[in-house]
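Me: I have a model open and want to go through it with you. Can we start with the charged side chains?

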Amino acid sequence: MKSLSEKDIWAEVRAAERRHGDRAEAELARRIHALTAAEQFEEASFWSAVAARLKHLHDIKLPGSAVLPKLMLEEIDGDRSS
């Protein structure tokens, strides 16, 4: 696989989101794992770059999303103790 530009990488990020929605990160991880197992390291590296940018995009779009489930659980647990 030839070296692709940032534009190519971001095009694949957008395409992954359109195709897979919330499952895009998991689908990319599956693809990277399969490529690595098949020793297609150059292509796996490309898709790793796509996955990294998708994660970064999600971090920007959903700031604090990692703590949201914990806060929701605390709120639910707090309701039970009342």
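Me: Which residues are linked in a network of salt bridges?
Reply: Arg23, Glu27 and Arg30 are. A salt bridge here is a side-chain nitrogen of Lys or Arg within 4 Å of a carboxyl oxygen of Asp or Glu. This is a predicted model, where local features need pLDDT of at least 70, side-chain atom pairs count only at pLDDT 80 or more, and totals for chains, interfaces and linings use all residues. Residues are numbered from 1 along each chain as its sequence is written, and side-chain values use heavy atoms, with hydrogens and water left out.

Me: How far apart are the closest N and O atoms of Glu27 and Arg30?
Reply: They are 3.2 Å apart. For the salt bridge of Glu27 with Arg23, the N to O distance is 3.6 Å.

Me: Where do Glu27 and Arg30 lie?
Reply: Both are in helix α2, three residues apart, or about one turn of the helix. Helices are DSSP runs (H or I, at least four residues), strands likewise (E, at least two), and both are numbered from the N terminus.

Me: How many salt bridges does a search of the whole structure find?
Reply: Four. One of them joins the side chains of Arg19 and Glu12, at 3.7 Å, N to O.

Me: Is Arg19 buried or exposed?
Reply: Arg19 counts as exposed, because its relative accessibility is 52%. Glu12 is at 24%, so Glu12 counts as partly exposed. The cut-offs are under 20% relative accessible area for buried, over 50% for exposed, and in between for partly exposed (1.4 Å probe, protein chains only).

Me: Changing topic. At what angle do α1 and α2 pack?
Reply: Helix α1 (residues 6-20) and helix α2 (residues 24-37) pack at about 110°, with their axes 9 Å apart. That makes α1 roughly perpendicular to α2, a class that covers 65 to 115 degrees, with under 35 roughly parallel, over 145 roughly antiparallel and the rest oblique. Axes are lines fitted to C-alpha atoms, for helices over the stretch in contact, and angles run from 0 to 180 degrees between N-to-C directions.

Me: Which residues of α1 and α2 meet?
Reply: Ala16, Glu17 and His20 in α1 meet Ala24, Glu27 and Leu28 in α2, contact being heavy atoms within 4.5 Å.

Me: How much of the protein chain is buried?
Reply: Buried residues make up 21% of its 82 residues.
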